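Subject: Structure handover

Hello,

Here is the structure for you to look through. My notes on what turned up follow below it.

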Amino acid sequence: MRLPEDSELPQPARPGPPSVDLVSDDDRSVAADSWSIKSEYGSTLDDDQRHADAAEVLLTSGNFRAATSDYSSDKEEPDADGVSSMLGLQSYWDAAYADELTNFREHGHVGEVWFGADVMDVVVTWTRNLCIQIAQGHLPTDADDVKYESSEDGDKYLCGWSVLDIGTGNGLLLQELAKLGFSDLTGVDYSEGAVALARSLADRDGFPNIKFLVDDIIEKKLDQQFKLVMDKGTLDAIGLHPDGNIKRIMYWDSVSRLVAPGGLLVITSCNSTKDELIREVENYNRRGGSQLLELEAKDNDTCRDPPFRYINHVRSYPTFMFGGSIGSRVATVAFLRK
Ligand SMILES: C[S@@+](CC[C@H](N)C(=O)[O-])C[C@H]1O[C@@H](n2cnc3c(N)ncnc32)[C@H](O)[C@@H]1O
């Protein structure tokens with residue numbers, strides 16, 4: 001199941017929130033295969049080198065779908081193979097958030113809730129319960145359903161969890177996590193408009209302590225580690241860049257630095273199934289956390305373990321309608337940083 005092609009997307013505004021229809025199934029397929037681009041990648045020698053390194057990993061691994069051919073520059077147009085789309089381009093998001101900021105200022109609208117409010121509810125509740133279980137010393141296996149009955153004493157287990165939401169958009173995910181007891185919350189997005197919108201909404205809604213920063217997570221400027229890193233729809237967007245497969249390798253390299261040892265990465269995707277995400281992480285681990293990391297480890301004289309281990313995933317999820325197409329489902333998968 002695929003989300004609409006670019007031609008079906010409003011320009012530049014994005015489609016409205018999907019409606020949901022609850023079903024139960026682990027193996028959602030899916031796809032938002034249309035998202036876009038004008039990034040600053042490739043603007044420095046360092047970035048060129050990182051692209052080249054990631055491309056080499058891609059070509060030698062043989063584990064990813066075919067790479068796009070020109071890794072040294074960003075293209076303005078989606079690839080002919082239809083894998084990339086407008087939603088992979090920063091210019092798309094800048095234009096979208098400019099519209100959303102205007103809508104917020106004129107009408108108080110919060111903007112898009114990606115994958116819908118029901119999915120967001122599931123993600124935050126499930127993540128909270130997982131964090132509480134881990135804080136209590138129970139590391140769930142794949143066979144365990146993540147459940148936590150009592151809500152009253154949960155907060156005391158959450159105070160140690162610093163949270164980073166990458167590609168935070170309007171930042172509502174962080175607001176929901178704050179309502180559930182998380183208190184150290186940071187959101188980053190490479191679009192200044194997203195950060196302005198998220199800041200305005202958080203202030204309006206009574207969450208002045210949530211921090212928001214403009215940052216491109218692939219360029220790894222944020223020099224801090226977090227116990228919990230959330231990604232809802234951002235890896236999907238990155239994968240839709242014309243150089244999406246290369247960007248995905250660079251993404252894993254970046255998040256492996258952002259998640260503190262013993263911490264969690266929780267990815268919600270409509271473009272990859274649970275099994276595809278697990279396979280992607282296994283491939284990353286198999287390369288020893290990527291050749292990029294290895295090169296840097298050599299420089300720093302440090303030794304790195306394979307960074308991530310799959311621990312659990314959401315088992316029951318809504319499907320959604322998108323642009324009139326039959327609904328597809330989302331996957332939420334948690335990886336433990338070793
Ligand atoms: C599908 S939206 C999801 C927004 C938000 N996570 C949510 O669930 O509502 C993808 C977001 O990722 C951001 N994004 C894409 N690539 C990024 C990157 N390399 N660094 C930071 N943000 C990025 C976009 O600006 C956009 O806000």
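The lining of the largest cavity is made up of 16 nonpolar, 9 polar and 9 charged residues. For these classes, Ala, Val, Leu, Ile, Met, Phe, Trp, Tyr, Cys and Pro count as nonpolar, Asp, Glu, Lys and Arg as charged, and the others, Gly among them, as polar.

Before the rest, some ground rules. This is a predicted model, where local features need pLDDT of at least 70, side-chain atom pairs count only at pLDDT 80 or more, and totals for chains, interfaces and linings use all residues. Residues are numbered from 1 along each chain as its sequence is written, and side-chain values use heavy atoms, with hydrogens and water left out.

**The cavity**

A cavity here is a set of points on a 1 Å grid over the protein atoms alone, where a 1.4 Å probe fits but cannot get out; lining residues have an atom within 4 Å of a point. The largest cavity holds about 460 Å³ of space. Its lining has 34 residues, and G167, T168, G169, D189 and T234 are the closest to its centre. Volume means the space filled by probe spheres set on the points, with grid points joined across faces, edges and corners.

Which elements each supply at least two residues of that lining? They are helix 2 (90-107), strand 2 (162-166), helix 5 (172-179), strand 3 (184-189) and helix 7 (234-239). Helices (H or I, at least four residues) and strands (E, at least two) are DSSP runs, numbered from the N terminus.

**The chain overall**

The protein chain has 10 helices and 10 strands. It has 338 residues, and 57% of them count as buried. Buried means under 20% relative accessible area, exposed over 50%, and partly exposed in between (1.4 Å probe, protein chains only). Take the contacts in the chain with a separation of 6 or more: 79% of them come from residues 24 or more positions apart. A contact means heavy atoms within 4.5 Å.

Helix 6 covers residues 192-204. Its 13 residues should span 18 Å at 1.5 Å a residue, and its end C-alpha atoms are 18 Å apart, which agrees. The expected span is 1.5 Å times one less than the number of residues. Buried residues of helix 6 are G193, A194, V195, L197, A198, L201 and A202. Their cover includes helix 2, helix 5, strand 3 and strand 4 (211-214). Just after helix 6, G206 takes a positive phi of about 85°.

T102 sits in helix 2. It counts as partly exposed because its relative accessibility is 36%. T102 and G193 are 91 residues apart in sequence, but 10.0 Å apart in space, C-alpha to C-alpha.

**Aromatic pairs**

There are 8 aromatic pairs in the structure. In the pair W93 and W114, the ring centres are 5.8 Å apart and the planes are at 65°, so the pair is edge-to-face. Rings of Phe, Tyr and Trp (its six-membered ring) pair if their centres lie within 6.5 Å; planes under 30 degrees apart count as stacked, over 60 as edge-to-face and the rest as tilted. W93 is buried at 6% relative accessible area, and W114 is buried at 10%.

W252 and Y284 form a tilted pair, 6.3 Å centre to centre with 35° between the planes. W252 is in helix 8 (residues 244-258) and Y284 in helix 9 (residues 274-286), 32 residues apart. Both are buried. One aromatic cluster takes in Y251, W252, Y284, F308, Y310 and F335.

Best wishes

Methods: 1 Å grid on protein atoms, 1.4 Å probe; cavity = no way out; pocket = protein on both sides within 12 Å on 5 of 7 lines; lining within 4 Å.
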